[in-house]
Amino acid sequence: MSAIDVAASTPPLHVASATRIARVMRLHFVNKWILIGIPWIITAVAFAISLTIALLITSFVPPSDRAEALQGMSYSWAVVSPLWYLVVAGIQAASTTFAFALGFSITRREFAIGTLLTFVVVAAGFALAWTLLNVVEGVSDGFGIGLVHFRSMWFGGLDAPAVFLSWFSVQLALLAIGALFASIWVRWRAAGVVWAWAVVALLVVAFIAVLLITGTAPALFTWVATIGAAGLFASLLVVAAVAFGLGWWVLRFATPQG
């Protein structure tokens, strides 16, 4: 084979890199339970519990008090129950695939980009699904029984685009934080994770102390009230960007162990 034939058969670097990034994304979805299955199981269980409570209310609460009792469900945190798992999902998705990715001659940069794109797809997919469920619950008057589940918390007062933005940004931030801790685990193992949590705790305490000492807490609460729920959760995209950036920086020096 001549040099010209070899050059012709070798794909451009950007094409080869895009192919490897797509391979990272497929690698993340090999075990679909981590990013898809378990979150939907948690969602289904939470919805089933809310539905059972709503049916009990409609069956045993007098009609005069039924509307108020059902409206009380709007303060339930059940709708956000899948979110608590997403940090774990981010940790599992990043930590369990990193060594395999390097074994396929995928660079750390390509792994980071592929992981980011995977999380964007997952967050957007779930955000769209939960937004549709929010809309359906609203137009069907709580699935015909006055159920308030997907419209509970702040979601009941937002339009569909704001609901999507809220779900997307908070999920992406939590997945990014999980991926950051996975990077720390790969680089420094358990000791690194412990120190990372200690640093986070100290920063939170220091932030609260500064608010109290300087008297700026009321101004912060006023700002949060001004931007609203959608604006507050949109600001989490900055948190996601910072977490991904830190995770990528840590991965540059990480070597798989074990």
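At what angle do helix α3 and α5 pack, and how far apart are their axes? In this predicted model, α3 covers residues 32–60. The angle between α3 and α5 is about 160°, and their axes lie 10 Å apart. Angles over 145 degrees count as roughly antiparallel, so α3 is roughly antiparallel to α5. Their crossing is right-handed.

Which residues make this contact? From α3 come W33, I34, L35, I38, P39 and I42. From α5 come Y85, A89, Q92, A93 and T96. By type, the contact of α3 with α5 holds nine nonpolar residues, two polar ones and no charged ones.

Now turn to the other partner of α5. Helix α5 spans residues 83–103, and helix α8 spans residues 160–214. These two helices pack at an angle of about 45°. Their axes are 7 Å apart. Angles under 35 degrees count as roughly parallel, and 65 to 115 as roughly perpendicular. At about 45°, α5 and α8 are therefore oblique to each other. α5 passes α8 in a right-handed crossing.

On the α5 side, the contact is made by L83, L86, V87, A89, G90, I91, A94, S95 and F98. On the α8 side, the residues are W167, V170, Q171, L174, L175, G178, A179, F181, A182, W185 and V186. This contact of α5 with α8 has 16 nonpolar residues, four polar and no charged.

One residue links the two descriptions. A89 of α5 takes part in the contact with α3, and A89 is also listed in the contact with α8.

Conventions: Residues numbered from 1 in each chain as written. Predicted model: local features only at pLDDT ≥ 70, side-chain atom pairs only at ≥ 80, totals over all residues. Heavy atoms only, no water. Axes fitted to C-alpha atoms, helices over the stretch in contact; angles between N-to-C directions. Helix = DSSP H or I, 4+ residues; strand = E, 2+ residues; numbered from the N terminus. Left-handed = near helix turned anticlockwise from the far one by under 90°. Contact = heavy atoms within 4.5 Å. Nonpolar A, V, L, I, M, F, W, Y, C, P; charged D, E, K, R; others polar.
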